[in-house]
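Trainee: Could we go through this structure together? I would like to learn what the terms stand on.
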Amino acid sequence: DAAMARSMSIVVGNPRPGSRTRTVAEAVGEACVAAIGDVTTTVIDLADFGGRLFDPHDAEVVDLTESVAASDLLVVASPTFKATYSGLLKCFFDRYPGPGLAGAVAVPVMMGGNPAHSLAPDVALRPLLVELGASCPTRSLYVTDPDLDRLDDSFGLEGETWSAAFFIDNVSNEFAPFFFSERYAQTRATVLPPRTYGMTLRMNF
């Protein structure tokens, strides 16, 4: 339904404001918007809130959590710390009771200095989002520092050089047909099984 208002929240869990993690998250958000059409987008840089995330009565943070929970699409991004997502991101999502993100579709995104932890988005961040009730129908996205200069490139699986854009394209292309499903449709939660990138691709880094 073209008239239905759609919203996307981009949640950035890097403790440094204006980080490279935010750059990647916004690029993923732009790719999703290009695939699914007009969406109202809000970027939430958790570094701007710092210790306030620990205050359960902070009115602005309470409004923020409600806004994220009401979003149709979430792009959730974090740097890789000790093979998992940041404590800042964990602190934010700990504010949600039970399935607090039920009805939202989420795209897990993580950044790292090298490909050693390329499975972290699937083994760490995706389970967190699913535990909170979000659907994650696309593959996760892991981006290394050198890929930042190639976000607009387009390489295929047959190439010897991997590009973050390849997976951004896959995220948006896979996501588009399912975004327009009913918000609480039962089929959406199991549209696609979790997938990893494959050993062949990872060996091409």
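Mentor: Gladly! Helices (H or I, at least four residues) and strands (E, at least two) are DSSP runs, numbered from the N terminus. By that rule the chain has six helices and five strands. This is a predicted model, where local features need pLDDT of at least 70, side-chain atom pairs count only at pLDDT 80 or more, and totals for chains, interfaces and linings use all residues. Residues are numbered from 1 along each chain as its sequence is written, and side-chain values use heavy atoms, leaving out hydrogens and water.

Trainee: What makes β3 and β4 a pair?
Mentor: Two strands pair if DSSP finds at least two bridges between them. Strand β3 (residues 73-79) and strand β4 (residues 105-112) have seven bridges, in the parallel sense, so they meet the definition. Along them, Val76 stands opposite Pro108 and Ser78 opposite Met110.

Trainee: How do you know that β1 and β3 pair?
Mentor: By the bridges again: β1 (residues 7-12) and β3 share five, also in the parallel sense. Here Met8 stands opposite Leu73.

Trainee: In what order do the five strands lie in the sheet?
Mentor: The order is β2-β1-β3-β4-β5, in an open sheet with parallel pairing.

Trainee: Why are β2 and β5 said to stand at the edges?
Mentor: Each of them, β2 (40-45) and β5 (141-144), has a single partner strand, so one side of each is left without a neighbour in the sheet.

Trainee: Why is β3 called largely enclosed?
Mentor: Buried means under 20% relative accessible area, exposed over 50%, and partly exposed in between (1.4 Å probe, protein chains only). Seven of the seven residues of β3 are buried, so the rest of the structure largely encloses it. Both faces of β3 are covered: Leu73, Val75, Ala77 and Pro79 are buried on one side, and Leu74, Val76 and Ser78 on the other. In a regular strand, side chains alternate between the two faces of the sheet.

Trainee: How much of the whole chain counts as buried?
Mentor: Of its 205 residues, 50% do.

Trainee: What is the confidence in the chain?
Mentor: pLDDT is the predictor's confidence in each residue, from 0 to 100. The chain averages 79, and 71% of the residues score at least 70. Over residues 154-163 the pLDDT is below 50, and over residues 180-205 it stays under 50. Where pLDDT is low, the predicted coordinates should not be read in detail.

Note on methods. Contact means heavy atoms within 4.5 Å.
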